[in-house]
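User: Please take me through the model shown here, with the criteria behind each term.

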There are 2 protein chains.
Amino acid sequence: MQNKVRVDIALVHYPVYNKKGAVIASAVTNLDLHDLARLAKTYDLGAFHVITPVKEQQAFIGRILEHWLFGWGGVYNKDRVNALNLVRVSDSIKQAREIIQAGTGKEPIVLATGARERGLALGIEEARRLLAGDRPLLLIFGTAWGLAGEVIEQADYVLKPVQKCATYNHLSVRSAAAIIVDRFLGDRG
Amino acid sequence: MQNKVRVDIALVHYPVYNKKGAVIASAVTNLDLHDLARLAKTYDLGAFHVITPVKEQQAFIGRILEHWLFGWGGVYNKDRVNALNLVRVSDSIKQAREIIQAGTGKEPIVLATGARERGLALGIEEARRLLAGDRPLLLIFGTAWGLAGEVIEQADYVLKPVQKCATYNHLSVRSAAAIIVDRFLGDRG
């Protein structure tokens with residue numbers, strides 16, 4: 001399995017909404033890093049961008065990566081080295097775009113995801129057509145109560161929610177990212 | 001969206017393998033409960049069975065459920081009540097089967113999942129045909145280094161690994177469960 005165009009994912013910790021709809025910076029969690037890095041490696045993605053402008057949070061990510069890539073973690077479990085090698089820390093989505101552009105020479109197409117129904121959202125089959133193009137793709141996921149409106153507005157496309165007819169749609173970002181990456185790139189049959 | 005037959009999931013903490021291939025009882029984690037319960041609710045599953053014979057672990061699950069179903073957790077986030085209501089604690093897969101049989105009057109078909117390639121494994125399209133039958137289905141997932149051989153042998157079917165051609169296939173059980181449930185029951189298009 002090899003993807004034709006480079007596909008990256010980004011997990012956004014700022015700007016996202018909190019429960020009350022205010023824009024916040026959420027905390028990075030160790031488990032999100034592992035789960036999404038392993039997902040990225042399994043689906044042969046270009047990189048997994050962790051987006052936070054908070055320097056303490058970036059330092060926390062640095063400590064986790066150091067443990068697994070250069071410390072005891074990697075001795076204990078070599079598979080995690082391969083996965084966590086894909087992590088890139090960025091201040092902003094803009095910076096993640098620049099990293100992709102620097103690596104591929106092409107501007108990525110940004111697809112925002114979320115649980116809310118939106119007007120002109122793209123279905124997965126339409127989105128998969130972008131895989132036949134020549135521009136890299138960046139799928140972005142929000143933590144906390146979801147991506148802030150300004151992020152959605154800057155995206156090239158918004159994907160339809162995972163289960164658009166469900167009466168309950170409160171998947172964890174770990175589950176939603178796994179499902180969307182699989183729908184996008186998974187082997188079928 | 002309504003599933004025709006009842007579909008349940010089970011997360012097995014015993015018997016599973018550890019890194020060295022010995023059979024162990026793994027520890028229940030708070031996050032697995034939340035992620036898989038939210039997945040179960042989103043996909044309209046019958047129940048999410050947490051399998052462990054260890055009484056201290058069952059008590060731990062009880063404390064989590066009490067916090068979210070009857071305590072402050074449910075006041076803070078009502079959505080979690082709806083999801084965690086689906087959790088059932090069982091000593092064994094056998095007991096989970098009995099719960100399903102008691103609820104539906106029919107013996108469930110058990111499908112084991114795992115990352116290893118196996119001989120007569122079922123592809124997802126073949127597995128989806130079982131949804132048109134009249135027996136309830138139980139998808140089982142292993143924690144730690146995967147379901148012990150005895151569990152696989154007692155299952156009616158084994159599903160093919162998620163990314164059978166991937167050179168790296170070490171998804172977290174949270175990601176794997178999300179992907180498999182979506183392939184099985186998700187809205188398409």
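This is a predicted model: local features need pLDDT of at least 70, side-chain atom pairs count only at pLDDT 80 or more; totals for chains, interfaces and linings use all residues.

Analyst: Residues are numbered from 1 along each chain as its sequence is written, while chains are lettered from A and ligands numbered from 1 in the order in which they are written.

User: Which strands of chain B stand at the edges of the sheet?

Analyst: Strands are DSSP runs (E, at least two residues; helices are H or I, at least four), numbered from the N terminus, and two of them pair if DSSP finds at least two bridges between them. In chain B, six strands form an open sheet with parallel pairing, in the order β5-β4-β1-β7-β6-β8. Each edge strand has a single partner, so one side of it is left without a neighbour in the sheet, and these strands are β5 (87-90) and β8 (157-158).

User: In β4(B), which residue stands opposite B:Val12?

Analyst: Strand β1 (residues 7-12) of chain B runs parallel to strand β4 (residues 48-51) of chain B, and four bridges join them. The residue of β4(B) opposite B:Val12 is B:Ile51.

User: Which residue of chain B comes closest to the rotation axis?

Analyst: With least-squares superposition on the C-alpha atoms of residues with pLDDT of at least 70 in both copies, a rotation of 180° with 0.0 Å of shift along its axis brings chain B onto chain A (RMSD 0.0 Å). The two copies are thus related as by a two-fold rotation axis. At 2.5 Å (C-alpha), the chain B residue closest to the axis is B:Ile179.
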